[in-house]
Structure formats: structure tokens, C-alpha cells
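Please look over the model shown here together with its sequence. The report is meant to be read with both in view.

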Amino acid sequence: MCRAKCLILLAAVANCIFAFPIEPELTPAPTPYPTHPMDDPEWEPPQGPYHELDQKFWINSGQRLVADQLSKNHPNLNLAKNVIIFIADGMSITTQSATRVYMGGEQLSLSFEEFPYAGLAKTYCINYQVSDSGCTAAAILTGVKNNYGTIAVSGHVPLMNCERSLEEENRLTSILKYAQLSCRSTGIVTNTRITHATPAVGYAVSGARYWEDDEDVPGECVDIARQLVYGDVGRNLTVALGGGSRHFFPAGVPIEEHGSVGRRRDGRYLVSEWLQLADRQGDRAAYVSDRRELANVDVGKVDRLLGLFAGNHMSYRLEHAPDEPTLEEMTAKALELLSKNDKGYVLLVEGGRIDHAHHDNLARLALDETVEFHRAVQHAARLTSEDDTLIVVTADHSHTLTMGGYPVRGNNILATGDFSRLDRMPFFTLTYANGPSYFDHFSQTTAGRENPLFMDSHNPAFTFPAAVPYEDETHGGDDVAVFARGPYSHLFSGLYEQHLIAHLIWYASCLGPDGSHQAAACSRGVEGAAATIEIPCFAWVAGLVAAVVVIALSNQLTI
């Protein structure tokens with residue numbers, strides 16, 4: 001193997017110096033041309049781990065797995081007082097497989113992969129084969145599939161159509177709204193902008209995911225950031241943590257703690273307005289802008305918490321931003337606050353930077369962000385009980401990342417893993433179908449690929465190869481995995497439409513619209529269940545007063 005690598009290096013240097021043309025051939029070439037390792041007469045096949053060579057290892061392993069499966073085959077028919085929905089934006093099944101190797105071995109498991117039940121979800125939008133995060137979040141959080149790029153509106157609303165998005169019959173209801181009607185606490189955690197597509201579906205309604213602030217919002221439509229403060233769901237969120245502070249401050253106003261500036265054209269300071277509105281509603285509210293402030297929040301003295309930790313999206317973990325909390329830390333604080341409510345809670349947690357790394361062909365960052373997501377799920381699972389908490393983990397859509405060639409067992413997932421006899425160069429195990437990295441790997445002056453032998457693929461900024469040039473690597477249209485544990489988690493097995501996820505959560509937690517299927521125990525008013533979700537937990541007078549205050553502030557308050 002060492003000899004083969006030396007020959008590859010020698011040939012590459014010679015080719016650079018003397019510009020020797022190397023014509024593709026299917027037959028082994030004589031030295032000094034590089035060859036496939038198997039073409040070396042001294043090549044020996046790789047050997048797996050010694051303890052795996054004997055059949056007894058696999059027989060014993062299989063029997064243990066059978067016992068594990070049997071131990072899981074006991075449906076939990078309790079009602080879900082609490083629900084945690086984890087969405088790993090862009091986490092394809094390939095991303096999961098590659099992340100296991102990145103973590104240390106093919107045989108490892110991510111925390112959620114050890115949940116007792118798993119299924120597959122179909123991710124298409126109603127008008128596109130390959131989806132975006134807006135339509136997939138609508139499926140997961142509202143139980144309705146809709147159009148690409150829209151936020152919590154029905155398929156009757158085309159992208160960028162403000163007028164139709166305002167029609168009541170076209171506006172969808174998030175699971176967070178149903179939870180609030182049942183007196184449960186609600187929260188959103190993300191490491192993207194809090195106004196980005198996935199979290200926005202939880203609390204906002206919009207004809208376009210792009211209307212995060214008022215810069216380009218047409219007509220009578222309200223931007224997503226403002227809906228977080230004044231919207232029907234947003235104003236009642238117990239906790240909201242993420243990035244995107246620029247959408248909450250006036251254009252040009254410095255946000256010094258984040259090294260950013262505001263973008264709002266209406267001159268409003270929405271964070272100040274959020275604090276004032278919470279005070280008028282009688283809530284003890286706190287706003288935090290960095291990791292230290294979040295850690296210092298005493299949940300015993302706070303009813304509602306807003307945290308914005310970056311002007312744009314929060315940093316990748318490998319960018320080492322010490323002032324920003326991790327996804328795990330934000331999840332932990334959110335659970336600490338939500339758990340105060342004896343009636344239960346619904347929490348949405350998004351690991352959104354997996355998607356962003358894939359879009360830039362930054363495979364190492366995507367895998368590392370998947371590890372961060374795994375840690376957040378692990379923490380939540382450790383803090384909660386399967387008896388009363390349903391945890392559902394899924395991706396909204398996939399990406400075009402592939403894991404190919406024939407790399408040997410234990411090969412570094414970021415390295416080259418096989419060799420092409422056609423152009424006599426090694427190639428990476430991880431590649432993309434499209435993306436901006438095409439120009440980093442295909443020569444613009446000569447035909448063929450650049451030689452990976454001289455590339456630093458372990459650098460987090462390294463872009464892995466893409467087969468087709470594209471300004472922004474696209475999503476993939478393949479199914480995504482769904483993992484579940486807790487009450488009624490056995491229902492999440494099988495292959496199904498993505499919007500079924502919301503309906504199953506409603507069933508397990510006694511939530512959802514009138515007429516939806518409900519577990520039998522829901523009608524018995526079991527503690528923590530919303531037996532009569534149609535009846536708000538607040539008196540009608542208090543609701544009327546709050547509505548008047550909100551409308552007045554929304555229309556008149558400028559700070």
C-alpha cells in the first residue's frame with residue numbers, strides 16, 4: 001500500500017514537471033504511472049478487526065440484537081404530557097452514516113439511532129419533488145403539506161403571495177398553538193436565525209420564508225420577526241433561543257455584542273417591545289445575548305426567555321465562538337424553564353447548520369454539526385422520562401452527499417478512499433452531486449480532475465467535490481429517517497408521508513384540531529393531557545385585554 005502511494009506521488013510530480021499526458025485506460029498501466037492498489041502484485045486484501053473474524057462474534061452479536069429488539073417490543077400507551085421535536089435540517093441518511101465514521105467507527109450509533117422505533121418519511125412539497133425547509137416544516141409542525149418556500153399556509157397560497165396568505169382559510173395551525181391552548185408551555189431552539197424557515201413555521205404565517213423583517217414585505221403582511229413578538233403563537237412562547245438579531249433592530253443600528261447591524265426599515269426595536277409586552281402581560285421576562293448571560297438565567301425568577309446570540313446564523317462549532325452557547329446548552333436551558341409547567345410542554349429544537357454546511361459542500365462541518373445535534377438529543381433524552389415525554393427526531397429533507405467507492409474499514413471518512421483506473425487518481429469517499437466546489441476540483445485549463453493527493457481535506461473550510469457546478473448545493477429528494485421514543489412511539493415505524501408525523505404527535509399528546517384521532521385516555525382527562533383542547537386555559541376577559549394591548553402596541557409603539 002505504501003509502495004502504491006509513493007508511485008502515485010512520483011507520477012503526479014512527473015506529470016506536473018514534464019506535462020506527460022496520461023490517457024485513460026481500463027487495463028493496469030506500467031509504472032511509473034499510478035495504479036489501483038489491487039493492481040500491485042504485492043497487494044494484500046485488508047483485514048477487518050480481529051475479534052470480528054470468527055463467526056461466533058456475529059452469532060452472539062445477532063442474538064444480543066434480537067434480545068434488544070424484543071425488549072423494545074412493548075408499546076408505551078401512556079399519554080405524552082411533554083413533546084420534544086428535534087429537526088436536523090438537511091441530515092440525510094448518508095450524513096448519519098458518515099457521521100458515525102467521523103465519530104470513530106462504522107459500528108457506532110448516534111444517540112437517537114438507539115431509540116426503539118424508526119421509520120422513513122417522504123419529503124416532497126406539493127409542487128416540487130425536492131423540498132425546502134418551509135414546506136417540510138409545515139408537514140412536521142402543522143400536519144399539512146404545502147408549497148415550496150411558504151410558511152404555514154395551505155397549498156392555495158403560491159410563493160410570495162401576500163394577499164392569499166392573509167385569508168383565514170389558508171392559514172395553518174402549528175402544534176405550538178395547540179399546546180398553548182392546552183395550557184402547556186412552548187419553546188423554540190435553533191442555531192440558525194430564529195426567523196429562519198423551520199423555526200418560523202412554529203409561530204408565524206407568511207407567503208414567503210424570505211420575509212424575515214420588513215424590508216421586502218408587501219401589502220398588509222407582517223414580517224416573521226414581528227410575528228415572534230406580536231403573533232398569536234409568538235407572544236405566548238415561553239422560550240425562544242437562536243440567532244438573527246439583525247431582524248429585530250432598526251437598519252444601520254449597531255448590535256455591538258454580535259458585531260452586526262440591524263436591518264429593519266420601520267425603525268422598531270423589537271427586543272425592547274418584546275420585553276415591554278411581556279411586562280404588560282404580567283410575565284417576568286429576560287433577554288440574553290451571549291453564552292454567559294444564558295448560563296446565568298435563574299429559571300425560578302423568569303417566566304419567559306428570549307435569547308439572540310448572533311446577528312445572522314450562529315457559528316459552526318468548529319469556528320470556536322466562545323460567546324455563543326451550543327445547541328446542547330440552549331436545549332438544556334429551554335427544558336429547565338419549560339419543565340416548570342406541571343401541565344407539560346412542547347419544544348422544537350433545530351440543528352440547522354448541517355444544512356448550511358452541505359449547501360457550501362463543507363462536508364466536515366456538516367458531519368461535525370450532526371455530532372452537535374446528537375449531543376443535544378442525548379442531553380434531552382437523559383433529562384426526560386419515556387413514561388411521559390415523547391421525543392421525535394427527524395430531518396426535514398436530505399442533501400446530495402454520497403458515500404462511495406470502496407474504502408477499507410476504518411478509513412478516514414474525510415480522506416480519499418478509492419482509486420480510479422480511468423484518470424489514475426484517488427478520489428474522496430464523500431462527494432456531492434452538485435455545488436460551488438465543482439471549480440475547486442475540475443481544472444478550467446485542462447480536462448479532468450485536480451489531483452486530491454495534494455488537498456487538505458481535513459481542513460473545516462475544505463470543499464468536497466461536486467459533479468455539477470451549481471451556485472448553492474441543492475437539497476436531495478430521498479426519504480429521511482424518523483426516530484421516536486416515549487408514549488406511542490411505536491406508531492412512528494414504517495414508511496409514510498411526512499405530514500403524518502404531526503398527526504401522530506397529536507394523537508400521542510391529546511393535541512390537534514377538532515375531530516382528529518385521539519388516544520382513548522385523552523377523554524378521561526389524564527393529568528397532563530389536553531382532554532379538551534378547544535377550551536383555552538385563560539379566562540375570556542384576560543384574553544380580550546391581552547388582545548387589545550397587543551394590537552395597540554403592534555400598531556402604535558415605536559421605540
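## The chain as a whole

The structure is a predicted model, and its chain has 559 residues, of which 52% count as buried. The secondary structure comes to 16 helices and 19 strands. The accessible surface of the chain is about 24,700 Å², and 54% of that area belongs to carbon and sulfur atoms.

When contacts between residues at least 6 apart in sequence are taken, 71% of them join residues at least 24 apart.

## Helix H13

Helix H13 covers residues 363–383, and its 21 residues should span 30 Å at 1.5 Å a residue, which agrees with the 31 Å found between its end C-alpha atoms. The helix is mostly covered, since 16 of its 21 residues are buried.

## Disulfide links

How many disulfides does the count come to? The count comes to three, and when the bonded cysteines are numbered in sequence order, the pairing reads 1-2, 3-4, 5-6.

Cys125 and Cys135 form a disulfide in which the sulfur atoms are 1.9 Å apart. This pair links distant parts of the chain, ten residues apart, with Cys125 in the loop between strand S2 (117–122) and helix H4 (133–142), and Cys135 in helix H4. The link of Cys125 and Cys135 is left-handed, with -60° about the S-S bond, and both Cys125 and Cys135 are buried.

## The link from H5 to a loop

Cys162 is joined to Cys221 by a disulfide with an S to S distance of 2.1 Å. Cys162 lies in helix H5 (residues 162–165), whereas Cys221 lies in the loop between helix H7 (197–203) and helix H8 (224–230), so the pair ties together parts that are 59 residues apart in sequence. The torsion about the S-S bond of Cys162 and Cys221 is about 115°, and the disulfide is therefore right-handed. Cys162 is buried, as is Cys221.

## The link between H15 and H16

The disulfide of Cys510 and Cys522 has its sulfur atoms 2.0 Å apart. Both cysteines are placed in the loop between helix H15 (500–509) and helix H16 (540–556), and this pair, twelve residues apart, links distant parts of the chain. Is the disulfide of Cys510 and Cys522 left-handed or right-handed? With a torsion of about -90° about the S-S bond of Cys510 and Cys522, the disulfide is left-handed.

Cys510 counts as buried because its relative accessibility is 0%, and Cys522, with a relative accessible area of 3%, is buried as well; the cut-off for buried is under 20%.

## Cys183

Cys183 has a relative accessibility of 21% and therefore counts as partly exposed.

## A nonpolar surface patch

Which residues make the nonpolar surface patch of about 240 Å²? The patch is made by Ile93, Leu120 and Leu495. Leu495 is found in strand S19, which takes in residues 494–497, and Leu495 is exposed because its relative accessible area is 53%, where exposed means over 50%.

How values were computed
Residues are numbered from 1 along each chain as its sequence is written. This is a predicted model: local features need pLDDT of at least 70, side-chain atom pairs count only at pLDDT 80 or more; totals for chains, interfaces and linings use all residues. Side-chain values use heavy atoms; hydrogens and water are left out. Patches are made of residues with over 30% relative accessible area and no salt bridge: like charges are joined within 9 Å, nonpolar side chains (Val, Leu, Ile, Met, Phe, Trp, Tyr) within 5 Å. Accessible areas come from the Shrake-Rupley method with a 1.4 Å probe; for residues, only the protein chains shown count as cover. A salt bridge is a side-chain nitrogen of Lys or Arg within 4 Å of a carboxyl oxygen of Asp or Glu. Helices (H or I, at least four residues) and strands (E, at least two) are DSSP runs, numbered from the N terminus. Buried means under 20% relative accessible area, exposed over 50%, partly exposed in between (1.4 Å probe, protein chains only). The expected span of a helix is 1.5 Å times one less than its number of residues. Contact means heavy atoms within 4.5 Å. A disulfide is a pair of cysteine sulfur atoms within 2.5 Å.
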